[in-house]
Amino acid sequence: MSTLKVDTIKSDTTPTVTISDGLSVSGVTTSTGDVSIADKIIHTGDTNTAIRFPDADTITAETGGSERLRITSAGKVGINSDSPGHVLDVAGNIRSYLSLIHISEPTRPRLISYGVFCLKK
């Protein structure tokens with residue numbers, strides 16, 4: 001492995017530096033522009049935990065090698081669901097201390113509607 005120490009790289013035409021076979025940077029890295037990532041960000045030493053960009057306008061978080069959270073291009077959030085059908089779609093049990101229960105009459109859902117708030121100690 002070769003080491004190259006550079007304080008400043010300047011280009012009058014195309015400000016691009018291409019490095020193949022990996023780049024190791026120590027210390028704080030600051031970017032004043034966009035950072036382009038092909039697929040995912042992983043943590044050194046924990047390669048089955050990642051923040052991914054699997055599709056256009058989609059972000060996911062993985063732990064233990066499995067997708068746990070997804071935000072779709074439509075703004076829908078899935079927890080343990082890779083295809084959320086609602087604004088918030090949770091696959092599994094949740095714990096909540098403040099609940100809103102929406103009740104409506106099936107034949108006239110837009111006319112009769114109210115909410116019940118339940119507080120749990």
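**Close-up views of salt bridges and a hairpin**

**View 1. Arginine 52 and aspartate 39 meet through their side chains in a salt bridge, with N to O at 2.8 Å.** Arginine 52 belongs to strand 2 and aspartate 39 to the segment before strand 1, so the pair ties together parts that are 13 residues apart in sequence. A salt bridge here is a side-chain nitrogen of Lys or Arg within 4 Å of a carboxyl oxygen of Asp or Glu. The model is predicted: local features need pLDDT of at least 70, and side-chain atom pairs count only at pLDDT 80 or more, whereas totals for chains, interfaces and linings use all residues. Residues are numbered from 1 along each chain as its sequence is written, and side-chain values use heavy atoms, with hydrogens and water left out.

**View 2. Arginine 52 also forms a salt bridge with glutamate 62, the closest N and O atoms being 3.4 Å apart.** This pair links strand 2 to strand 3 (residues 59–63), 10 residues apart. Arginine 52 is partly exposed at 21% relative accessibility, while glutamate 62 is buried at 13% (buried, under 20% relative accessible area; exposed, over 50%; partly exposed, in between; 1.4 Å probe, protein chains only).

**View 3. Glutamate 67 and arginine 70 form a salt bridge at 2.8 Å, N to O.** Shared partners join Asp39, Arg52 and Glu62 into one network of salt bridges.

**View 4. Strand 1 (residues 40–43) and strand 2 (residues 46–52) run antiparallel, joined by four bridges.** Strands are DSSP runs (E, at least two residues), numbered from the N terminus, and two strands pair if DSSP finds at least two bridges between them. Isoleucine 42 stands opposite alanine 50. Two residues separate the strands of this hairpin, and glycine 45 in the turn has a positive phi of about 85°.
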